[in-house]
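Visitor: I would like to learn how to read side-chain contacts. Could you walk me through some, please?

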Amino acid sequence: ISIGKDELIYVNKSKVRVGETQYRNKFAGVDIKTAAIQNILVNEVPLDSVLLWVDANVIITKRLWQDLFQVLKEKEILFVKEPSRAKSINLGVIAIRNSIKTRELFSRLTEYIHRGYWDQGVMCCMLNRPTRHDCTHISNFKIRWGYLPDRFAQVKKLRHSSSCVPLKTKNLPIIVKFTISKDEVQYKRMQCLRNYMKYYSS
């Protein structure tokens, strides 16, 4: 596989069933992330270990010093929160306890993706969280889940008017995940990533 070609990354694998209304974006039907997580949980790490998944468009601002077992506590999976009052979830930063339950969760998620669904929308539906995705054909999934602490990970949503100047603050999270609004252009995220990387590597 050639690296860096959007036409290979965003290949649509959807097999939409008749009568199913879905929230469309370029990630609909794309299982790259969920398939990778499934493979790691099943084949690469032992049961009861913890996997920390982070997307490529994140900045790690400081040393990851926290014990992930202490972060998870009694939960099986933790997500970074979307920056909204609705408290939706984002799949850009996930702490996952490798268990039969989490393996089943990602297996079901991947099955929905192969029907043409968007991974984050499906996860929101399965965990009964707010989403623009249509949840009509998606079953709830019972699992002990929660949110990563704000001091550990946060999502920064970027707009044209957003400031890309990193702030000097003791309360900065360990991981910052960048997202862009639907009508925003990709260059804004890349600009912020460069600014943050330059700042934290100096």
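Visitor: Which residue forms a salt bridge with D55, the closest N and O atoms being 2.9 Å apart?

Guide: Let me begin with the ground rules. This is a predicted model, where local features need pLDDT of at least 70 and side-chain atom pairs count only at pLDDT 80 or more, while totals for chains, interfaces and linings use all residues. Residues are numbered from 1 along each chain as its sequence is written, and side-chain values use heavy atoms, with hydrogens and water left out. A salt bridge is a side-chain nitrogen of Lys or Arg within 4 Å of a carboxyl oxygen of Asp or Glu. Your residue is K177, with 2.9 Å between its closest N and the O of D55. K177 lies in strand β7 (residues 175-180) and D55 in the loop between β1 and β2, so the pair ties together parts that are 122 residues apart in sequence. Helices (H or I, at least four residues) and strands (E, at least two) are DSSP runs, numbered from the N terminus.

Visitor: What other residue forms a salt bridge with D55, at 3.2 Å?

Guide: That is K33, the closest N and O atoms being 3.2 Å apart. K33 sits in helix α2 (residues 32-44), 22 residues from D55.

Visitor: Are K177 and D55 buried or exposed?

Guide: Buried means under 20% relative accessible area, exposed over 50%, and partly exposed in between (1.4 Å probe, protein chains only). K177 counts as buried because its relative accessibility is 5%, and D55 is buried because its value is 15%. K33 is buried as well.

Visitor: How many salt bridges does a search of the whole structure find?

Guide: The search finds 6. One of them pairs K75 with E74, the closest N and O atoms being 3.7 Å apart. Through shared partners, salt bridges join K33, D55 and K177 into one network.

Visitor: Now the rings, please. How many aromatic pairs does the structure hold?

Guide: Rings of Phe, Tyr and Trp (its six-membered ring) pair if their centres lie within 6.5 Å; planes under 30 degrees apart count as stacked, over 60 as edge-to-face and the rest as tilted. The structure holds 3 such pairs. Among them is the edge-to-face pair of F79 and W145, 6.2 Å centre to centre with 65° between the planes. F79 belongs to strand β3 (residues 77-81) and W145 to strand β5 (residues 145-147), 66 residues apart. W145 also pairs edge-to-face with Y147, at 5.3 Å and 80°.

Visitor: Which residues form one aromatic cluster?

Guide: F79, W145 and Y147 do.
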